[in-house]
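This report goes through a structure by its sheets, helices and chain contact. The sequence and model come first.

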Amino acid sequence: MSKLATVVRAGLRSNFGLATIKYRILTEKKDRWLVPLFGLAALGVVPRFFGIVLLIQNVYDVLRPMGQERALLSFGILAGQLLILLFGIYYIIAAFYFARDLDLLIPLPLRPGEVMASKFAVVVINEYLTVAALVLPVVITLGVVAHASVGYWVNAVLVYLALPIIPLALVSLAVVVMMRFINVSRKKDALILVGSLVLIGVSLSVQIALGRSGGGHAGIGAGAGGTQAAAESLAAFFTSPNSLLNKVGAFFPPAIWATKAIAGGFSGEGLANLALLLGVSLVLFAGMIVFAEKLFYRGVIGLGETTGRKRRLSRDEMSRRVAGGRRAFAAILGREWKIMNRTPIFLLNGVLVSVLLPAMFVLMATIDTGGGGGSGAGSGQGGDTMALLKMLMASDPLLVMLGAALFMTICGSINGTASSAFSREGAQFWISQVIPVAPREQAAAKFVHSYLVATLGVVTSAIVAGVFLHVKAMQLAAGAGLALVAGVALTAVGMIIDLARPLLDWTNPQKAIKQNLNVLLGLMADAGILTAAFFGVRALIRAKLAPNVVLGIVFVGLAALSAVSYIILLRFADKRYREIS
Amino acid sequence: MIEVTHVSKSYNRGKVKAVDDLSLTVKPGEIFGFLGPNGAGKTTTIKMIVGLLRPDSGRIAVEGFDVAADGLKAKQVTTFVPDSPAVYERLTGLEYLNFIGDVYGVPKAERLERIGKWLEIFELAAVVTNPIQSYSHGMRQKIVLTAALLPAPRVMVLDEPLVGLDPRAAHQIKEMFREHCDAGKTLFFSTHIMEVAEKLCDRIGIIHKGRLVACGTMAELKAVDRTEAGQSLEEIFLELTDE
C-alpha cells in the first residue's frame with residue numbers, strides 16, 4: 001500500500017507541479033502577469049455564476065412544494081458524470097498510454113495495477129476540476145437555501161470525491177480492452193484515432209438519445225433576466241413522468257444514489273445510498289485494477305514501438321524521394337502538417353475539433369424539441385439554438401451575415417492549433433533554434449498551418465450553415481469573408497500567447513495541446529476580441545448606419561487588427577526564438 | 001573558425017555561474033576536444049556557440065560571423081549534434097534529411113550523393129523510409145549525424161557525439177572528423193572519453209567550474225610543469241579538475 005501511495009504521490013506531483021508554478025511565479029517571476037489576468041477572468045465569471053445560482057434557487061422554489069427538489073441535485077450530478085464520461089476518454093488514453101514517464105515507471109518493481117492507479121489518480125484530480133463548475137453550484141446552493149444538515153455537507157464531500165470514479169473506471173475498462181487489441185496491430189495510430197472517435201461517438205449518441213427521450217432541457221446557464229421562465233421549464237422537465245431524469249435514473253443509477261446520499265444526510269436512506277455509491281466505486285476501481293494486472297502492460301508495452309519494414313530504395317526511388325529546391329518556408333509548413341496529422345492526440349484535439357464542432361452543432365440542433373418534458377418555455381437546448389437562429393434569419397440580413405460570421409469564426413478558432421503551435425515542438429525545439437531560417441519565416445509557416453486548420457473549421461461550418469440552416473449563398477460568402485479575416489487575428493494572437501510561454505518540457509503530448517494553459521489563455525483572448533467586436537458592431541447598428549457601411553467598417557476593422565497582430569507575431573518571433581532556452 | 005572572447009553565462013539571476021570569462025579560438029582545419037567534469041559548463045558553452053543560449057557578456061563568432069548580431073549567417077555555416085538525439089519521431093528518416101536539406105538549401109545532386117554515402121556508412125539505408133519513432137537510440141544518433149553532415153558545413157559542433165554508438169559507427173565518426181578537418185573545416189566537440197580526445201584532437205580545452213583551466217595540444221598540456229601530474233590526458237584531467 002505504501003508503494004501505491006508513493007507512486008500516486010509522484011504522479012500527482014509531476015502532473016500538478018505546484019512547485020513549478022510557485023517557482024515560475026515567485027522565483028523566476030515569469031508568469032506573474034497571469035495572476036491579475038486570472039483574477040480579472042474570475043471577476044468576469046462572477047455575474048454568470050450569480051445568474052446560475054439565482055436560477056437554481058428559482059428552480060428549487062418551484063420544485064420544493066412538489067417534493068421534487070432532489071431532482072435538481074440529480075441533474076447536476078448526472079451532468080457532471082456524463083461530462084466525465086465524454087472527456088474521460090481523452091484523458092484516460094493520453095494518461096495510460098502516451099505519458100512518456102511510463103518508460104520510467106514500467107521497469108520499476110511496481111505492479112501494473114499500481115502504475116495504472118497512479119495515472120488514474122491524476123485523471124481523477126483533473127476531473128474534480130472539470131466538473132466543479134457543474135456540480136458545486138448545485139450542491140452548494142441547494143445546501144444553503146435548504147439550510148441543510150451536517151450530514152448533507154459531509155455526504156456531499158464524500159460523494160464529490162467518489163463522483164468521477166464510476167464513470168472513469170468504466171471508461172478505463174473499455175480503453176484497456178481496446179488498447180490490448182490495438183497494440184498487436186501494425187496500424188496502431190490509425191486504430192487509436194478510430195477507437196477514440198468511436199468511443200466519443202458512443203458517448204455522444206448516449207447523451208443525444210437521452211436528450212431526445214427527455215425532450216431536451218432548458219439552458220442551465222440562462223441569464224439572470226430569464227431565470228423565472230427557465231426555472232418553470234426546468235421544473236416541468238424534472239417532474240414529467242417521462243422525464244430525462246427518470247430515464248437516466250434507470251440508465252445510470254449512480255447519479256440517483258449520489259442524490260439520495262447527499263439529500264438523505266445521516267438518515268438511513270442517506271447512509272445506505274452513500275455506502276452503495278462508495279461500495280460500487282470501490283468494486284469498479286478494484287475490478288479495474290484486476291483488469292490492469294492482466295491487460296494493462298499488454299496494451300502499453302511496445303505501443304511506442306513501430307516496426308518498420310527493412311527495404312532499400314533503388315537509385316531511381318531515392319532520386320524521386322530526395323527533394324530538391326524546396327524553400328525553407330514550404331519545408332517548415334510540411335513538417336508542421338505531417339507532425340500534427342501523424343500524432344493522434346494532436347489530430348484529435350486540433351484538426352478534428354474543427355470538423356467535429358460544426359458536426360456536433362448539427363446533432364444538437366436537430367434534437368427533437370417537442371418531447372415530453374418541454375412545455376411552454378421549455379424548448380430544449382437544441383431548440384433554443386434553432387429558434388434563435390431562425391429568428392436571426394427571419395430578421396435582418398445583416399444580422400444573418402454577422403451571426404454566420406461569428407459561428408464560423410468560433411468553429412475555426414476554438415481548436416488549440418494556434419495556441420500550441422510552438423509548444424507542440426517540445427524537446428525538438430532546438431532544431432528550430434539552430435537552423436538557418438529566420439524566426440519570422442518559421443513563425444509565418446506555422447501561422448499558415450494554423451490558419452489552414454482554422455479555414456477548415458470555417459469551411460465546415462459554412463457547409464453546415466448552408467445545408468442545415470439554409471443561409472443564402474451571398475450571406476454565407478460575406479460571413480465566411482469576415483470569419484476568414486477575423487481568423488487571421490485570432491490565429492496570430494493564439495500563436496503570440498504560445499510564443500510568450502511555450503510549454504516545451506512535456507512528456508505527454510496531451511499536455512502540449514489539451515492541458516496546455518496557453519490554449520485556455522488563447523480561448524480567453526478570442527472571447528475578449530469577439531466581445532469587443534460585438535460591442536463595436538452593436539454601436540454601429542445603433543448609429544443607424546447602412547448595412548453595407550456596417551459590414552465595410554467591420555471588415556476593415558478586423559483586417560486592421562489582423563494585420564497588426566500578424567506583424568506583432570513576426571517581430572515577437574524574432575525576439576523570442578533567441579530567448580527561449 | 002570559432003572565436004569565443006571573454007564569454008560569461010550565469011543561471012538563476014546570476015547565482016550560478018556556468019561559464020566564467022571563457023576565451024578560446026578553434027582554427028580552420030582543427031579538431032578541438034572540449035573536456036570537463038559534469039556541470040563544468042561544456043554544454044552551456046556549446047549551446048552559446050550554436051545560438052541556443054545567449055551569453056551574458058562577451059562575443060562568439062563563427063567563420064567571422066557574430067553569433068548574436070549575425071545569427072543566421074553563423075547558422076548557415078554551422079551544424080550541431082546535441083547530446084541526446086531528440087528529433088521529429090513522426091517523420092521518416094528521409095523526410096527529416098529532406099527537411100534539413102531544404103532549410104540549409106542543399107542542391108538535389110549534392111543531397112543525393114551525401115545522403116547515399118552516409119546512409120551506407122551508418123547502415124541506415126534499409127530503414128530510411130521508416131518513422132524515426134522506430135529507430136533505436138544509436139540509429140537516432142546516426143540520423144542526427146547524417147543530417148549534420150548533409151549541408152557539408154564549415155563548422156561542426158557536437159556534444160558527446162559518440163554516446164550510444166556501436167564501435168563500428170564510432171570508428172567511422174572518428175574518421176569522418178579527420179576528413180572534415182583535413183578539408184580545412186572546423187570541428188568542436190565535447191567528450192568524456194579521454195582516449196578519443198588524446199588520439200583524435202589537434203587541441204584540447206579543459207573547463208572546470210566554468211573556467212578554462214587548460215588549453216593546447218597534447219604536447220603543450222604535458223609540457224606544463226606539474227608536481228603530481230602523470231603523462232596521460234586522464235591524469236592531467238584528474239589533477240586539473242581535482243576539488
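In which sense do strand β9 (residues 203-208) of chain B and β10(B) pair, and over how many bridges? Strand β9 and β10(B) pair in the antiparallel sense, over 5 bridges. One of these bridges links H208(B) to R211(B), its partner in β10(B).

## Basis of the model

The model is predicted: local features need pLDDT of at least 70, side-chain atom pairs count only at pLDDT 80 or more, and totals for chains, interfaces and linings use all residues. Residues are numbered from 1 along each chain as its sequence is written, while chains are lettered from A and ligands numbered from 1 in the order in which they are written.

Helices (H or I, at least four residues) and strands (E, at least two) are DSSP runs, numbered from the N terminus. Two strands pair if DSSP finds at least two bridges between them.

## The six-stranded sheet of chain B

In chain B, 6 strands form an open sheet with mixed pairing, in the order β6-β7-β8-β3-β9-β10. Its edge strands, each pairing on one side only, are β6 (78-81) and β10 (211-216) of chain B. From one strand to the next the twist averages 15°. Strands of a sheet pair through backbone hydrogen bonds, either parallel or antiparallel.

Helix α1 (residues 42-49) of chain B lies across β3 (31-35), β7 (155-159), β8 (186-190) and β9 of chain B, and runs at about 150° to β7(B). Helix α6 (residues 167-182) of chain B also packs on the sheet, where it touches β3, β7 and β8 of chain B. The direction of α6 makes about 145° with that of β8(B). For these angles, axes are lines fitted to C-alpha atoms (for helices over the stretch in contact), and values run from 0 to 180 degrees between N-to-C directions.

## The four-stranded sheet of chain B

Another open sheet in chain B has 4 strands in the order β2-β1-β4-β5, with antiparallel pairing. Here the edge strands are β2 (16-26) and β5 (65-66) of chain B, each of which pairs on one side only. Strand β1 (residues 2-11) of chain B is joined by 5 bridges to strand β4 (residues 57-62) of chain B, and the two run antiparallel. The bridge partner of I2(B) in β4(B) is V62(B).

Most residues other than glycine have a negative phi. D21(B), in strand β2 of chain B, has a positive phi near 50°. D21(B) counts as partly exposed because it has 14 C-beta neighbours inside 10 Å. A residue is buried if 20 or more other C-beta atoms lie within 10 Å of its own, exposed if 12 or fewer, and partly exposed in between, with C-beta atoms placed from the backbone. E63(B), in the loop between β4 and β5 of chain B, has a positive phi near 50°. With 19 C-beta neighbours inside 10 Å, E63(B) counts as partly exposed.

## Helices of chain A

Chain A has 25 helices and 0 strands. Of its 581 residues, 45% count as buried. Among contacts in chain A with a separation of 6 or more, 84% come from residues 24 or more positions apart; two residues are in contact if their C-beta atoms, placed from the backbone, lie within 7 Å.

In helix α12 (residues 254-264) of chain A, 11 of its 11 residues are buried. These include W257(A) and K260(A). Just after α12(A), G265(A) has a positive phi of about 60°.

Helix α19 (residues 397-413) of chain A packs against helix α25 (residues 547-579) of chain A at an angle of about 20°, with the axes 10 Å apart. P397(A), L398(A) and M401(A) in α19(A) meet P547(A), V550(A) and L551(A) in α25(A). By class, this contact has 6 nonpolar, no polar and no charged residues. Ala, Val, Leu, Ile, Met, Phe, Trp, Tyr, Cys and Pro count as nonpolar, Asp, Glu, Lys and Arg as charged, and the others, Gly among them, as polar.

## Contact between the chains

The contact takes 37 residues from chain B and 35 residues from chain A. On the side of chain B that touches chain A, α2 (71-76), α3 (93-104) and α4 (108-121) of chain B each supply at least two residues. α3(B) gives the most, with 8 residues. The residues of this side of chain B divide into 21 nonpolar, 9 polar and 7 charged.
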